[in-house]
Amino acid sequence: SKPIFALAALWMLQDLDDLGLDDEIRPYVPELDERFAGVTIRHLLTHSTGITRDATPGRWTEERFLRWIARSPVEDRSPRYSVMTSWFLLSRVLEAATGLHRGEILQRYALEPFGATLGHGAFSEHDRPRWVLDRHTGEPAAELWWADDPEIAERAWMGSALRGRASEVLRIVSALASRPRRATLEPAMQDA
C-alpha cells in the first residue's frame with residue numbers, strides 16, 4: 001500500500017501547476033522550523049529528509065504527532081527509510097496544497113484510474129481479522145493498533161487503513177510492475 005500512496009502523490013503532482021517534486025514542504029507545514037529548510041517533496045518520497053525520528057502515531061492526536069516530528073533532529077539527506085514520518089508529512093503537504101483529504105487523494109489518483117474499489121477506515125466487527133501476527137515476535141496478536149479505532153485509521157497514512165480484496169491491490173501492482181501494462185496507461189500515470 002505504500003507504493004500506491006506514493007503513486008497517488010506523484011500522479012496528483014502531475015496535475016498541479018503550482019506544486020512540484022522540488023518544492024519545499026515548510027510552506028505547507030508551518031509547524032516545521034528553519035531546521036527543515038530545504039526539505040522537499042522529493043525528499044519525502046525518497047526517505048531522504050534527514051529527519052531522524054520515526055514512529056507510528058498510535059493513540060496520539062495528529063497535532064501531537066506533528067509536534068513530535070517538528071522537534072526531531074534533522075541530519076544529512078542520505079536515504080533513511082521511515083515507516084510513518086515521510087508518509088505523514090507528505091499527506092499533510094498534499095492536503096494543504098489542494099484542500100483535499102488524504103483519503104480523497106488516494107481514491108482519485110491511485111484507485112479510480114485502475115477501477116479499484118478499495119476503501120479505507122477501521123475494520124467493522126464482521127470483517128475484523130481474528131488474529132494477526134505481531135511483526136516483532138511472530139506470535140498471534142489479537143488486534144492491530146490502527147484497526148480498532150476509527151480516529152487512528154483516519155490519522156494514519158492512508159495505506160495503513162486500506163480495505164478490500166487482494167485482487168484489487170494486485171490489479172494496480174501488476175499494472176505498475178509490467179512494462180507492457182504501463183505502456184497502456186495515460187502518460188501522466190506512466191511518468192508517475
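**Close-up views of a predicted model**

**View 1. Helix H1 and its buried residues.** In H1, the buried residues are Ile 4, Phe 5, Ala 6, Leu 7, Ala 8, Ala 9, Trp 11, Met 12 and Leu 13. Here "buried" means under 20% relative accessible area, while exposed means over 50% and partly exposed is in between (1.4 Å probe, protein chains only). H1 covers residues 2-15, so 14 residues, and reaches 21 Å from its first C-alpha to its last, close to the 20 Å expected at 1.5 Å a residue. That expected span is 1.5 Å times one less than the number of residues. Helices (H or I, at least four residues) and strands (E, at least two) are DSSP runs, numbered from the N terminus.

A quick note on what you're looking at: this is a predicted model, where local features need pLDDT of at least 70, side-chain atom pairs count only at pLDDT 80 or more, and totals for chains, interfaces and linings use all residues. Residues are numbered from 1 along each chain as its sequence is written, and side-chain values use heavy atoms, with hydrogens and water left out.

**View 2. The largest nonpolar core.** This core has 43 residues, and the ones with the most contacts inside it are Ile 25, Ile 41, Leu 89, Leu 90 and Leu 94. H1, H2, H3, helix H4 (85-98), helix H5 (102-111) and helix H7 (166-177) each supply at least two of its residues. The largest share, 9 residues, comes from H1. A nonpolar core is a set of buried Ala, Val, Leu, Ile, Met, Phe, Trp, Tyr and Cys residues joined through side-chain atoms within 4.5 Å.

**View 3. Around Ile 25.** Who does Ile 25 contact, leaving aside neighbours within four places in sequence? Look for Leu 32, Val 39, Thr 40, Ile 41, Leu 44, Leu 89 and Val 93. A contact means heavy atoms within 4.5 Å.

**View 4. Ser 48 and His 47 in a loop.** Ser 48 sits in the loop between helix H2 (41-45) and helix H3 (62-70), and His 47 is found in that loop too. Ser 48 has a relative accessible area of 6%, so it's buried. At 10% relative accessibility, His 47 counts as buried as well. The side chain of Ser 48 makes a polar contact with the side chain of Thr 46 (2.7 Å). Such a contact is a pair of N or O atoms within 3.5 Å; within protein, one must be able to donate a hydrogen and the other to accept it, and residues adjacent in sequence count only if both atoms are side-chain atoms. His 47 has a phi near 55°, a positive value in a residue other than glycine.
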